[in-house]
Amino acid sequence: MTYVVTDACIKCKYMDCVEVCPVDCFYEGENMLVINPSECIDCGVCEPECPAEAILPDTESGLEQWMELNTKYSAEWPNLTSKKDSPEDADEYKGVEGKFEKFFSPEPGEGD
């Protein structure tokens, strides 16, 4: 089992999860984070830290798209090992439906 970041993270990118991750398996895109499933140790400490509830265990049904996205972009985006400031408008996007179709960006973030 591993954890995956879903579209609830898009344009929120709170990064509380990064601060608690013991193995630094988060990678930063322009407007969301992903988890490298090969590096994740399934500890689960990140899941309750996410204000957007964007992190889920891969054992939940319907997460295949997110497992693929996390795998792909964790290989392309830079590693993030410390929390940064969230976007100023993050709270405005929390809970918005259809964020992947509307806002996803494949561009990398800055990383550490």
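Predicted model: local features only at pLDDT ≥ 70, side-chain atom pairs only at ≥ 80, totals over all residues.
A residue counts as buried when its relative accessible area is under 20%. By that cut-off Lys 13, with a relative accessible area of 6%, is buried.

The overall layout comes first. The protein chain has four helices and five strands, and read along the sequence they follow the pattern β-α-β-β-β-α-β-α-α. Taken along the principal axes, the C-alpha atoms fill a box of roughly 30 × 30 × 25 Å. The radius of gyration is 12 Å, which agrees with the value near 13 Å that a compact globule of 112 residues would have. Buried residues make up 43% of the 112 residues.

The largest nonpolar core has 33 residues, and Val 5, Phe 26, Met 32, Leu 33, Ile 35 and Ile 55 have the most contacts inside it. The elements that give two or more residues to this core are strand E1 (3-5), helix H1 (16-20), strand E2 (26-28), strand E3 (33-35), H2 and helix H3 (90-93). Leu 33 touches, among others, Val 5, Met 15, Cys 17, Val 18, Phe 26 and Leu 80, with residues up to four places away in sequence left out. Lys 13 is also on the list of residues that Leu 33 touches.

Lys 13 itself is placed in the loop between E1 and H1. Most residues other than glycine have a negative phi. Against that background, the phi of Lys 13 is near 45°, a positive value. Met 15 is found in the loop between E1 and H1 as well, and this residue has a positive phi of about 70° although it is not a glycine. Met 15 counts as buried because its relative accessibility is 3%.

Another residue of the loop between E1 and H1 is Thr 6. With 6% relative accessibility, Thr 6 counts as buried. Beyond its neighbours within four places in sequence, Thr 6 is in contact with Met 32, Ala 54, Leu 56, Leu 63 and Trp 66.

Ala 54, one of those contacts of Thr 6, lies in the loop between E3 and strand E4 (55-57). Its relative accessibility is 0%, so Ala 54 counts as buried. Apart from residues up to four places away in sequence, Ala 54 touches Val 4, Val 5, Thr 6, Ala 8 and Cys 9. Ala 54 and Trp 66 are twelve residues apart in sequence, and their C-alpha atoms are 11 Å apart in space.

Two asparagines come next. Asn 31 lies in the loop between E2 and E3 and counts as buried, at 12% relative accessibility. Its side chain reaches the backbone oxygen of Phe 103 at 2.7 Å. The residues that Asn 31 touches, leaving out those up to four places away in sequence, include Cys 9, Lys 13, Phe 103, Phe 104 and Ser 105.

The place of Asn 70 is in helix H2 (residues 64-74), and with 0% relative accessibility Asn 70 counts as buried. The side chain of Asn 70 reaches the backbone nitrogen of Ile 35 at 2.8 Å. Not counting residues up to four places away in sequence, Asn 70 touches Val 4, Val 5, Val 34, Ile 35 and Pro 37. The C-alpha atoms of Asn 70 and Glu 19, which are 51 residues apart along the chain, are separated by 19 Å.

The cysteines remain. The structure holds zero disulfides. A disulfide requires two cysteine sulfur atoms within 2.5 Å. The closest cysteine sulfur to that of Cys 17 is in Cys 50, at 6.1 Å, which is too far for a bond. Cys 46 is likewise in no disulfide, and the nearest cysteine sulfur, that of Cys 40, is 6.2 Å away. Cys 17 counts as buried at 7% relative accessibility, and Cys 46 counts as buried at 7% relative accessibility.

Technical notes: Residues numbered from 1 in each chain as written. Heavy atoms only, no water. Buried < 20%, exposed > 50% of the residue type's maximum accessible area, 1.4 Å probe, protein only. Contact = heavy atoms within 4.5 Å. Polar contact = N/O pair within 3.5 Å; in protein donor to acceptor, adjacent residues only side chain to side chain. Rg over C-alpha atoms; globule rule 2.2 N^0.38 Å. Core = buried A, V, L, I, M, F, W, Y, C linked by side-chain atoms within 4.5 Å.
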